[in-house]
Amino acid sequence: MDQGLVIVFTGSGKGKTSAALGTALRASGHGMYVSMVQFIKSPLPTGEAQAAGRLAPELEFISMGRGFVTGEKGAIPLSEHRKAAADALSLARQRARSGYWDVLILDEINNAVKLGLVDIEDVLNLVRSKQPKLHVVLTGRDAHPDLIALADLVSEISDVKHPFERGVPARKGIDF
C-alpha cells in the first residue's frame, strides 16, 4: 500500500487533464501534497490554476509550456518549446525525488514526447527513479508504448462527440 502508482490518462478525447485534476482534488482532500507540472499549456489564467491557488499548499500548479506547438509562420520557435519542456522535466525530476510530494502530475507530457520536445527515455527514467511512495500521473494523447507497459493504470479517453465540431468555442469554467 506504500508503493505509489503510475497512472496514464491518454487518448483522443477531451478530459485527460480533467481526470488528472480529479485525482489532484481527491488527494488534496485527504491532506496529500500534489504538484502538477504542465508541459505544453502556457501560463495563461485558467479556472484550474485559480482553484489550485485556493488549495495551496496541498496543491501546486505550475504551467511551464509555451502554448500550442505548431509549424505556422510567426509561431513560437520549436527551440523555445524544447527549452520550456526541458525546464519542466527538470522541475518534475526534482519533485519526483524530493520525498515531499505524494502525487506528481505531468500534464501533457505524452504530447511533449510525441512532438519530440522530450525524450521517452528521460520520462521513463524519471518514473523509475521516483520516490517509492510517490504516485505519478502522466497525461496527453499518444502515450508511448513503453510508458503504457510501465504504468499500473492506463485509461484511454476516446472522442465520441465534441461541441467544437459544431463550431462551439471553448467555454470558461468547462474547457479552461
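In what order do the elements of the protein run from the N terminus on?

1. The order is β-α-β-α-β-α-β-α-α-β-α-β. In total the protein has 6 helices and 6 strands. Helices (H or I, at least four residues) and strands (E, at least two) are DSSP runs, numbered from the N terminus.

2. This is a predicted model, in which local features need pLDDT of at least 70 and side-chain atom pairs count only at pLDDT 80 or more, while totals for chains, interfaces and linings use all residues. Residues are numbered from 1 along each chain as its sequence is written, and side-chain values use heavy atoms, with hydrogens and water left out.

3. The C-alpha trace spans about 45 × 30 × 30 Å along its principal axes. The radius of gyration of the protein is 16 Å, which agrees with the value near 16 Å for a compact globule of 176 residues. That radius is taken over C-alpha atoms, and the globule rule is 2.2 Å times the number of residues to the power 0.38.

4. Of the 176 residues, 40% count as buried, meaning under 20% relative accessible area (1.4 Å probe, protein chains only).

5. Helix α5 (residues 120-128) has the buried residues Ile120, Val123, Leu124, Leu126 and Val127. They lie on the same side of α5, because they cover an arc of only 155° around the axis; the arc is that of the directions from the helix axis to the C-beta atoms.

6. The cover over these buried residues includes β1 (6-10), α3 (78-98), β4 (103-107), α4 (109-114), β5 (135-139) and α6 (145-150). Contact here means heavy atoms within 4.5 Å.

Notes
Buried means under 20% relative accessible area, exposed over 50%, partly exposed in between (1.4 Å probe, protein chains only).
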